[in-house]
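Subject: Structure handover

Hello,

Here is the structure for you to look through. My notes on what was found in it follow below.

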Amino acid sequence: MKFIGIIPARYASTRFPGKPLADICGKTMIERVYLQVKKALDEVWVATDDNRIYDTVKSFGGNVVMTSEAHRSGTDRCYEAYLNIGSDADVVINIQGDEPFIDPSQIEEIKKCFDDKATQIATLARPFDPELGIDALFNPNTPKLVFDENMFAMYFSRSVIPYLRGVDKEDWAKKAQYYTHIGMYAYRADILKQITCLPQSPLELIESLEQLRWLQNGYKIKVGTSSCGTIGIDTPEDLEQACRLLSSGKI
């Protein structure tokens, strides 16, 4: 089975314009993401809508392809990139462009999901660490998920799922194993084509979670697990923290 990694990278960002080009100790964020992904995949591309990002990727010798400015999601951008590249890969892996220290083992884990022929789409989950505290568990910016005995997703939510009836909420993380979602996706190429044609679904609009569109339309999402922590960079403050950690040798 042939895999291709695509990193969607937009210049525009409400909280952090130009984020892919932010400097992290001498390398741009997009270069650091690209180099990490190359440790796990032979073919990696950046998909962008901005000439500055395009030129930067070219300057460090990376593969890059231009895509439309009109895409609603990284999934849509990945599909256009797949077509523009003329790829014959069986599976497209969508890697977030704002996680410069992504662990290659996570990519290996999502690839393993396709050992199951029933897998149409794959994603990753992380067991929640109770030491992080109840506020972290209830943070709506960290989606939670539940899956069945065959590791197929049943639901994703910004709420805490499952609900523990008759248990004080302060004890929930100690009484059940919760899982938080890691926002990496992989799609069989034919399925990627199909899901980009779907209209937004009611559950997706309610929770603002794209993957609910796929579930609500009957697609199966295989879930791999990873205990690796990630450092997503959403704001300039996140960038400063990442630089400090890198400079101190902690990452």
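A nonpolar core is a set of buried Ala, Val, Leu, Ile, Met, Phe, Trp, Tyr and Cys residues joined through side-chain atoms within 4.5 Å; buried means under 20% relative accessible area, exposed over 50%, and partly exposed in between (1.4 Å probe, protein chains only). This is a predicted model, in which local features need pLDDT of at least 70 and side-chain atom pairs count only at pLDDT 80 or more, while totals for chains, interfaces and linings use all residues. Residues are numbered from 1 along each chain as its sequence is written, and side-chain values use heavy atoms, leaving out hydrogens and water.

The cores

The largest nonpolar core has 36 residues, and those touching the most other members are Ile7, Val37, Leu41, Val46, Ile93, Ile95 and Ile107. Helix α1 (residues 29–38) gives the most to this core, five residues; helices (H or I, at least four residues) and strands (E, at least two) are DSSP runs, numbered from the N terminus. A second, separate core holds 32 residues, among them Trp45, Ala125, Leu198 and Leu215.

If contact means heavy atoms within 4.5 Å, what does Ile93 touch? Not counting residues up to four places away in sequence, its contacts include Phe3, Leu41, Ile107 and Tyr185.

The aromatic rings

There are eight aromatic pairs in the structure. Rings of Phe, Tyr and Trp (its six-membered ring) pair if their centres lie within 6.5 Å; planes under 30 degrees apart count as stacked, over 60 as edge-to-face and the rest as tilted. The ring centres of Tyr163 and Trp172 are 5.0 Å apart and the planes stand at 80°, so this pair is edge-to-face. Tyr163 is exposed, at 60% relative accessible area, whereas Trp172 is buried, at 1%. Tyr185 and Trp214 also form an edge-to-face pair, with 5.1 Å between centres and 80° between planes. That pair links distant parts of the chain, 29 residues apart: Tyr185 is in strand β10 (residues 179–188) and Trp214 in helix α9 (residues 211–216). Tyr185 and Trp214 are both buried.

Tyr219

Tyr219 sits in the loop between α9 and β11 (221–225). Is Tyr219 buried or exposed? Its relative accessibility is 13%, so Tyr219 counts as buried. The side chain of Tyr219 makes a polar contact with that of Gln194, at 2.8 Å (a pair of N or O atoms within 3.5 Å; within protein, one must be able to donate a hydrogen and the other to accept it, and residues adjacent in sequence count only if both atoms are side-chain atoms).

Regards

Notes:
Contact = heavy atoms within 4.5 Å.
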